[in-house]
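Keep the 3D view open as you read.

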Amino acid sequence: MVGGNHSNVTEFVLLGFTNLQELLFVVFLIFYITTLAGNLGMIVLIRTNSQLHVPMYFFLGHLSFLDICCSSSVTPKLLLGLLAERNIISFNRCIAQLLFFAAFGTTEAILLAVMAYDRYAAICQPLDYLSAMSHGVCVQLVVGSYAAGGLNALVHTSFLLRLSFCGPNLINHFYCEMPPLMVLSCSDTWLNTVVMVACVGFVVTTSVLAIVVSYTCILLTTRGVRSVKDRHKALSTCTPHLMAVALFYGSVAFLYLHPFSRHTEDQGKTASIFYTVVTPMLNPFIYSLRNREVRGTLRRAMNRLLSFMDCHRSWSNQTKADVACHSGASRRNKGDT
């Protein structure tokens, strides 16, 4: 074991979901494939289209990357567990899953606040937008988000490794997470609980506060816009973002800030599904596909693909016709001979 940890437990059993496992496997598999396809497609569109090389889509590309990482750190093990009789995970892999998911999840939470600030700068300070959100500033904001996410994950993991696990080893969850792991510890978890609530509370409070302040300024600014079309255009970028923020932060706050007790474990699993499986799948749609630029880029890409397929089909048909014509001429030549 790591450090001063004197655990007797070398592996955990993830209880996960015990009902409708075959149906859940199909549903979660579809969700995961959609998550990979949607977010990878979004990254490719942003990278290959020069018109999307602006701060908003720069952040969206990293958001798609984080969604892939968050989902991939949990969903494959969830799918395997739905097919296995006993979903076993080693102690070290459990800690690694906790570390990576906490890092990616925290980074995404902070990046959502950064994206809200980007919208504030674009709508409320349009003349200074290019200087305020230059490429260097955007890179610094993204790097800072990743650094803060990694630091938060290291803090949680370090405090978890100071605990002892003497048994039982049954985790009433579908992945390794702090609250259900602390329930299994035979050590005093008071300090871990305080640190977890303090860290999560700080990240959630500061991020939500930044989002609320940004969108409050946006709403106040748009009230002074006389054109209904311009006002609707500005507000249309806010509504889907706020919906996804409410879904993400609501489920996180319910899991981490809700009083820990036995009767909340099943509710915690349900809440975790939203920000580990559902939200990463929906983000490409609610953030990007509602944008006119992305829709136009996707439409042009589909048109190029269809044109290529038509050309290939025409070329194949022409090749077959030439081969048939050549074969017929050869048979006629043989018959004349």
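## Ground rules

This is a predicted model, in which local features need pLDDT of at least 70 and side-chain atom pairs count only at pLDDT 80 or more, while totals for chains, interfaces and linings use all residues. Residues are numbered from 1 along each chain as its sequence is written, and side-chain values use heavy atoms, leaving out hydrogens and water.

## Annotated transmembrane regions

The unreviewed UniProt entry carries the annotation "transmembrane region" for residues 23-45, 57-75, 95-117, 129-155, 190-221, 242-260 and 272-290. Its positions are given in the numbering used here, feature names are shortened, and annotations may be inferred rather than shown by experiment.

Residues 23-45 are 100% helix and 0% strand in the model, with 33 Å between the end C-alpha atoms. For residues 57-75 the figures are 89% helix and 0% strand, with the end C-alpha atoms 26 Å apart. Helices (H or I, at least four residues) and strands (E, at least two) are DSSP runs, numbered from the N terminus.

## Helix α1 against α2

Helix α1 (residues 21-48) packs on α2 at about 155°, with the axes 9 Å apart; axes are lines fitted to C-alpha atoms, for helices over the stretch in contact, and angles run from 0 to 180 degrees between N-to-C directions. The two are therefore roughly antiparallel, a label for angles over 145 degrees.

By class, the contact has 10 nonpolar, 6 polar and 1 charged residues. Here Ala, Val, Leu, Ile, Met, Phe, Trp, Tyr, Cys and Pro count as nonpolar, Asp, Glu, Lys and Arg as charged, and the others, Gly among them, as polar.

## Helix α2 against α4

The axes of α2 (residues 55-72) and α4 (residues 91-124) come within 10 Å and cross at roughly 160°, so this pair is roughly antiparallel too. Among the residues in contact are Pro55, His62 and Cys70 of α2, and Phe101, Glu108 and Arg119 of α4. The class count is 14 nonpolar, 3 polar and 4 charged residues.

With a disulfide taken as a pair of cysteine sulfur atoms within 2.5 Å, the count comes to 2. One of them joins Cys94 and Cys176, whose sulfur atoms are 1.9 Å apart. Cys94 lies in α4 and Cys176 in the loop between β3 (170-171) and α7 (178-184), so the pair ties together parts 82 residues apart in sequence. The link is left-handed, with -125° about the S-S bond.

Definitions and conventions
Angles under 35 degrees count as roughly parallel, over 145 as roughly antiparallel, 65 to 115 as roughly perpendicular and the rest as oblique. Contact means heavy atoms within 4.5 Å.
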